[in-house]
Each structure stands twice: as structure tokens, then as C-alpha cells.
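Dear colleague,

Please find below the structure I am handing over to you, followed by an account of what was found in it. I would be grateful if you would read the two side by side.

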Amino acid sequence: MVRAARVVLRSGEQPIPKPVTDLIRRRHSTRAYVREPISEDARRALLAFLLANTDGPLGSRVRFELLAATAESRDSLRGLGTYGFVRGAQAFIAGAVGEAPKDLEDYGYLMERAVLRATDLGLGTCWLGGTFSKSGFARGIGLGAGEQLPAVVAVGYPVPGCETKDPLRRFASSASRLPGEELFFDGRWGIPLTAESAAAYGEVLEAVRWAPSASNKQPWRIVRSGDDWHFFLRRSRGYRSKSRLVCLVGIADLQRVDMGIAMCHFGSTADELRLGGRWRLDGRGVAASEGEAEYTVTWGAT
Ligand SMILES: Cc1cc2nc3c(=O)[nH]c(=O)nc-3n(C[C@H](O)[C@H](O)[C@H](O)COP(=O)(O)O)c2cc1C
């Protein structure tokens with residue numbers, strides 16, 4: 001059912017520029033940047049966006065900072081290492097979030113809003129969840145006790161054509177995604193959602209499909225039940241919440257961040273298409289999870 005638009009902005013929040021569907025199609029990970037600081041105008045616009053982009057839909061508050069080189073201070077990013085995975089980044093967005101039940105999902109949601117704002121400003125971006133020096137960035141944003149820094153985003157002007165030469169894109173098959181039949185289900189698990197059945201939500205689901213995710217694992221699954229869209233996390237091998245990687249190296253539970261990114265693409269596209277809805281946390285009416293899929297959130301009628 002199509003409902004009237006109700007794009008709810010929290011106080012001070014700036015909308016993602018339109019058309020968001022176009023920004024989602026244009027975004028891809030950039031790992032080689034021109035060695036030129038981002039323009040003063042772009043820096044100010046991104047900073048203004050970040051300062052207002054603080055309240056996640058599931059109750060967490062994130063404090064973002066833009067760590068950027070300027071013409072006067074080109075070496076101000078010293079200490080912010082990316083282990084050679086990203087070359088020439090001229091800025092990073094880093095955020096701090098306190099511990100809360102849906103902290104990582106909110107972090108993913110808000111950071112991806114910033115990624116889409118940066119895309120609109122003509123900037124390239126790359127999420128970094130594993131390949132960044134945690135201690136350097138923690139110092140950079142003055143991480144406090146009780147705060148976490150799950151991931152950062154590199155920002156800058158892309159070296160033209162760099163994505164075609166990026167070996168990591170090939171390694172992670174970043175230019176492709178799983179087919180919708182493996183991601184979106186109708187009423188219960190195992191019944192793929194058809195285009196007819198998805199109707200106006202077809203484009204919303206396509207926006208989820210093209211979301212970035214750690215190692216392009218695409219762990220999001222959605223089960224539609226009437227007017228409700230239930231989001232689940234199907235964990236990939238090596239990305240368990242208590243995996244050895246998570247415990248030993250202190251890498252965050254990145255697939256929960258991926259869920260927040262998918263929520264951002266879903267909600268902002270649904271808003272743009274004027275399909276009413278809001279996020280809520282109850283999985284009532286969903287058939288029990290398939291296998292080990294974990295319930296995350298529901299988008300449903302307002
Ligand atoms: C939460 C998260 C963490 C990521 N961490 C890294 C990383 O540490 N290093 C890296 O090079 N890319 C990283 N990526 C980028 C993904 O590999 C990329 O999004 C995926 O392969 C899809 O490609 P695309 O962004 O070009 O669409 C990360 C992405 C996400 C969403």
C-alpha cells in the first residue's frame with residue numbers, strides 16, 4: 001500500500017540530497033585518491049552535515065569528526081594509517097558511539113548517510129572496518145572511556161578510473177551482488193519475493209542490494225509480511241560476533257554495521273519514493289528465523 005510521505009527529520013538533521021537513488025547507484029569504494037585536499041566548500045558542507053547527523057533510528061547517539069588535510073596542514077593526517085589499502089586519502093570521517101543494544105546498526109546507518117552526502121559533493125569514499133589503525137584514529141577523535149570506534153570512512157577526490165585497477169574490488173567481487181531471490185522473501189523464508197509482489201518496493205530493495213558491506217558479504221536478509229519488512233542478519237563465516245578476529249584484534253562486529261547501512265539505503269529510498277514507514281523493534285508476525293539468521297529490525301506502517 002502506498003502512503004503519503006512523512007520524512008521525519010530529527011531536530012537539526014539535514015536531509016540526504018536527492019535523488020538518493022542516483023547517489024546509491026553512483027557510490028562505490030574508492031581506494032586511490034588525488035593528492036589534493038578536499039575543497040573548503042566541500043569540507044564545510046560535509047562538516048555541517050556531520051554535526052547534525054547524530055541520532056540513530058534505534059536510539060544511539062554518534063559523535064562524528066572530519067579529520068581532513070588542508071592546504072596549510074597537509075601532514076595533519078599523520079598517524080591515521082590504513083595499512084596500504086587506501087592511497088592518498090585527504091580526509092577521514094570517524095565516529096564514536098557509546099555501548100547500547102543497537103549501537104553498531106545506528107553507527108552504520110548514520111555513517112552511510114554521511115557517505116551519500118559525500119558522494120553528492122563529488123567525493124569518493126571507502127569504508128574501513130578492518131584496515132585502519134585503531135589507536136591512531138582513537139587519538140584523532142579523542143575517544144573517551146565507554147566509547148567505541150567501529151569503522152572509519154576515507155574521503156577524497158578519486159584518481160580517475162581507479163576502480164577498474166583496484167585488485168581488492170576484484171578480490172571481493174565488488175562490482176556484483178547476490179540476486180534478489182537469495183536476499184528477499186515473501187511471507188516466509190524460502191519463498192523469493194517477486195517483482196510483482198515487491199511492487200513499489202522493488203527500487204527500495206535494489207537500493208539495499210547495492211549497499212556496501214564488509215568484504216561484500218551482503219549479510220542482510222529481508223522477509224516481507226503484509227506491510228512489514230523484517231530485517232535479519234545472516235552471518236558469514238569469519239564474521240561471528242564473538243569470532244577470534246573480533247576478540248583478538250578488536251575488530252567490531254562489522255556485519256551489524258552492514259545491517260545499519262542497509263537500513264539507511266532502505267529508509268532513505270522509501271522516503272524518497274514517498275512510501276510511508278518507520279523503524280520499530282519487534283519481530284512479531286515473522287516466521288521464526290531460518291537457520292542462524294538473527295532478527296534486527298522491522299520497517300512498517302507509521
Ligand atoms: C563495514 C564495512 C567495512 C569495510 N572494511 C573495509 C576495509 O577494512 N578495507 C577495505 O579496503 N574495504 C573495506 N570495506 C569496503 C568493502 O570491501 C566494499 O564496500 C564491498 O566490497 C563492496 O564494494 P563497493 O563498496 O565498491 O560497492 C568495508 C565496507 C563496509 C561496509
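A residue is counted as near a molecule if its C-beta atom, placed from the backbone, lies within 6 Å of it, and the domain bounds used here come from an automatic or database domain assignment. Please note that this is a predicted model.

On that basis, domain 1 (20-165) and domain 2 (176-300) both contribute residues to the shell around the ligand, and the ligand therefore lies between them. The shell comprises 22 residues, the closest being Trp127, Gly129, Ser174, Pro212 and Asn216. Strand S3 (124-128) and helix H9 (254-272) are the elements that supply two or more of these residues. H9 gives the most, with four residues.

Of the 18 residues of H3, 18 are buried, so the helix is largely enclosed by the rest of the structure. After H3 comes Gly122, with a positive phi near 85°.

As to the chain as a whole, it contains nine helices and ten strands. Buried residues account for 43% of its 302 residues. Among contacts in the chain with a separation of 6 or more, 79% are between residues 24 or more positions apart.

Yours sincerely

Conventions
Residues are numbered from 1 along each chain as its sequence is written. This is a predicted model: local features need pLDDT of at least 70, side-chain atom pairs count only at pLDDT 80 or more; totals for chains, interfaces and linings use all residues. A residue is buried if 20 or more other C-beta atoms lie within 10 Å of its own, exposed if 12 or fewer, and partly exposed in between; C-beta atoms are placed from the backbone. Two residues are in contact if their C-beta atoms, placed from the backbone, lie within 7 Å.
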